[in-house]
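Grab a pencil and let's work through a few strand exercises together. Each task comes with its solution.

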Amino acid sequence: MKSKKVQKVLALTLAATMMLASAITVSASSGGSAGVTGSAGSAGSTESAGASDEGSGSTESAVSSVQTYTSGAAVSVGGTTVKTTVAGAYAAKSVAGVAVTTPTANLKASLGLTGSQTPFIIVFDTDTKKSSLAMKCVNAATEALGGDLVATMNVNLGAKDDGKWVSLSNGSAGLVIGLPKTADTSKNYSVVCVQPGGVVTILQDQDSSPATVTFEVKAGLGTYGIVAK
C-alpha cells in the first residue's frame, strides 16, 4: 500500500495539516487553557481556529470550536465515562467522545519526555472538503480493505514544555473513541493510520465494546480513519 504517488500526496497533505494543527495548538494554549479549572470533568473555554488547506487551495474554518481538557478530566466515550490521562484539544465532533487511556507515567516514558515536559494531544475531524489529499489516502486504504469509512480524524500527539509545543516522533498512546451514533455496532472495526513518508498501517480494535474503538496513536501527526466491515 506504499507507493511514490501516496508518498507525494501525503507529503503535501501533512504540510497543510500541520498548519491547522499548529493553529489549534495556539488556540488551545493561549487563553483556552486558562478556562480549565483542573478538576475531573471540567472543560476549558471554546476557541476558534482556521487554516489554509494548501492541497485544495481554499481557506476556511476547519474547526469551529476547540474544547480543552485537563489530564484526569471525565469524558463521555461511547456512553461510558472515561478519564482521559492527557491534557489536550479534543475537537472531534463526528465521534461520541475521545480519551487517552495510557497512564501518564507510562506515556511520558514511551514518548521520552523529560523534566517539565508533559504530553499533549490534538484531535480534530477532517473530511474531503477540509483535507482532500489526506482523504485520498484514507479512501484508497478503506477500499482495499473492502470496508466503509465512518469517521476520520487528524491526531497530533506531542508535548508541552512551559506552555510551548514540543513536536515528537517516537512513542505512542492508547486512544479510545466512541463510534458515531449512526455506526452499525454489529460490524467489526479497524483503523487506517496514514503517516509521513507514505506509511499506511491498519490498526485492529483492542477492546470488546461494540460502542467504542481502542487503538494506538503514534507520536507526531497522523490521519486516522475508522473503518467498518
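Two strands count as paired if DSSP finds at least two bridges between them. Strands themselves are DSSP runs (E, at least two residues), numbered from the N terminus. This is a predicted model, where local features need pLDDT of at least 70, side-chain atom pairs count only at pLDDT 80 or more, and totals for chains, interfaces and linings use all residues. Residues are numbered from 1 along each chain as its sequence is written, and side-chain values use heavy atoms, with hydrogens and water left out.

**Exercise 1.** Find the partners of strand S7 (residues 118–125).

*Solution.* Start with strand S5 (residues 87–91): it runs parallel to S7, and 5 bridges join the two. One spot to check is tyrosine 90, whose bridge partner in S7 is valine 123. Next, take strand S8 (residues 148–161), which pairs with S7 in the antiparallel sense over 8 bridges. Here phenylalanine 124 sits opposite asparagine 154 in S8.

**Exercise 2.** Is strand S7 mostly covered or open?

*Solution.* Use the cut-off: buried means under 20% relative accessible area (1.4 Å probe, protein chains only). By that test 7 of the 8 residues in S7 are buried, so S7 is mostly covered.

**Exercise 3.** Work out the order of the open sheet that holds S6, S10 and S13.

*Solution.* First, the order is S6-S10-S13, with antiparallel pairing. Then look at the edges: S6 (98–100) and S13 (212–218) each have a single partner strand, so one side of each lacks a neighbour in the sheet. Finally, zoom in on S10 (residues 172–178), which pairs with S13 over 7 bridges; glycine 178 faces threonine 212 in S13.

How values were computed: Helices (H or I, at least four residues) and strands (E, at least two) are DSSP runs, numbered from the N terminus. Buried means under 20% relative accessible area, exposed over 50%, partly exposed in between (1.4 Å probe, protein chains only).
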